[in-house]
Amino acid sequence: MNRHIKWAPILIAGIVIAYQFFSSEKFVNPETGRAAHVGMSTQQEAALGFQSYRQVLAQSQTIDSGPDFELVKTVASRLERTTGKAGEGFQWEVSLIRDRKVNAFCLPGGKIVVYTGIIPVTQNDAALAVVMGHEMAHATSRHGAQRVFQQNLTQTAMTGVAVSLSDMDYQKQRAVMGALGAGAQFGVLMPFSRKHESEADEIGLMYMARAGYDPQESIRFWQRMEKASEGGAPPEFASTHPSHETRIQQLQALMPKALEEYRRATAR
């Protein structure tokens with residue numbers, strides 16, 4: 001098998017990866033202190049976020065009045081003020097979309113979308129702050145730009161290997177590339193995504209506490225989510241998200257710090 005492997009493409013890919021790594025911007029999260037490389041500038045992120053936001057709104061039915069709209073608007077406003085240095089320069093904007101999806105997201109630059117389907121699950125403003133704080137933390141932590149960087153490195157490595165195996169029998173080449181692709185997915189990209197989810201949980205928890213929402217509601221919310229998805233969630237190693245059980249345990253460990261933030265916020 002070794003006679004079918006050309007080592008020069010792998011060596012070149014390694015050099016390109018080293019260049020991508022050392023020439024990329026490093027971002028230090030002001031909330032957690034975690035350093036990470038990013039594959040886009042903040043200006044590129046904001047431009048893409050704005051473009052995606054406009055596309056979503058153009059294809060959706062937005063709600064611009066009523067109690068749910070006022071609730072979402074109020075929670076967003078309170079959370080925005082807690083993002084500190086990480087949220088500097090963000091042009092925050094929030095939209096409520098009539099859709100049964102149990103979801104919400106925040107795009108780079110501060111464009112927030114909440115679907116009406118999640119309102120019955122959150123049940124109260126504090127639980128909605130759990131969801132929105134988590135999504136806002138993805139944006140302020142530049143998780144999208146970090147994923148772009150990780151995917152660029154992975155793509156470079158996979159291209160180098162593919163070229164190096166170009167003389168190999170096609171079926172063997174497919175088998176090797178399939179195994180490497182699965183290894184990259186389950187061993188690199190999914191754990192990377194789960195790390196982002198846990199970091200967004202941590203930061204979002206602090207955001208909601210600083211905004212004066214009881215952080216203990218985060219536990220109750222994820223317990224409801226766990227109950228609602230019983231039997232439907234994949235095992236953690238095959239998911240981009242931590243399991244509900246892992247999530248709850250991590251939040252419980254962070255609760256003393258969050259409660260201190262909450263006490264300071266509500267004592268003012």
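A residue is called buried when its relative accessible area is under 20%. The legends below describe close-up views of a predicted model.

**View 1. The aromatic pair of Phe105 and Tyr115.** Phe105 and Tyr115 are both buried. Their rings form a tilted aromatic pair, with 6.2 Å from centre to centre and 55 degrees between the planes. The pair links distant parts of the chain, since Phe105 belongs to strand E5 and Tyr115 to strand E6, 10 residues apart.

View 2. The whole structure holds five aromatic pairs. In one of these pairs, the ring centres of Phe21 and Phe149 are 6.3 Å apart and the planes meet at 50 degrees, so the pair is tilted. Phe21 lies in helix H1 (residues 7-23) and Phe149 in helix H6, so this pair ties together parts that are 128 residues apart in sequence. Phe21 is partly exposed, at 34% relative accessibility, whereas Phe149 is buried because its relative accessible area of 6% falls under the 20% limit. Together with Phe22, Phe21 and Phe149 form one aromatic cluster.

**View 3. Helix H6 along its length.** The 22 residues of helix H6 (residues 143-164) should span 32 Å at 1.5 Å a residue, and the end C-alpha atoms are 32 Å apart, which agrees. Buried residues of H6 include His143, Gln146, Phe149, Gln150, Leu153 and Gly160.

**View 4. The largest nonpolar core.** This core has 44 residues, of which Val72, Leu79, Ile112, Val114, Met132, Leu205 and Met208 touch the most other members. At least two residues each come from several elements, among them helix H3 (67-80), strand E4 (93-97), helix H8 (217-228) and helix H9 (244-266). Helix H5 provides the largest share, 10 residues. A second, separate core of seven residues includes Tyr53, Leu107, Val113 and Tyr115.

**View 5. The surroundings of Leu205.** Leaving aside residues up to four places away in sequence, Leu205 touches Pro215, Ser218, Leu251, Leu254, Met255 and Ala258.

**View 6. Glu197 and His134.** Glu197 is located in helix H7 (residues 170-210). Its relative accessible area is 8%, so Glu197 is buried. The side chains of Glu197 and His134 make a polar contact at 3.0 Å.

**View 7. Confidence along the chain.** The protein chain has a mean pLDDT of 85, and 84% of its residues reach 70 or more. Over residues 234-239, the pLDDT is below 50, and this stretch has 14 contacts in the model beyond near neighbours in sequence.

Definitions and conventions:
Residues numbered from 1 in each chain as written. Predicted model: local features only at pLDDT ≥ 70, side-chain atom pairs only at ≥ 80, totals over all residues. Heavy atoms only, no water. Helix = DSSP H or I, 4+ residues; strand = E, 2+ residues; numbered from the N terminus. Buried < 20%, exposed > 50% of the residue type's maximum accessible area, 1.4 Å probe, protein only. Polar contact = N/O pair within 3.5 Å; in protein donor to acceptor, adjacent residues only side chain to side chain. Expected span 1.5 Å × (residues − 1). Core = buried A, V, L, I, M, F, W, Y, C linked by side-chain atoms within 4.5 Å. Contact = heavy atoms within 4.5 Å. pLDDT = per-residue confidence, 0-100. Phe/Tyr/Trp six-rings, centres within 6.5 Å; stacked < 30°, edge-to-face > 60°.
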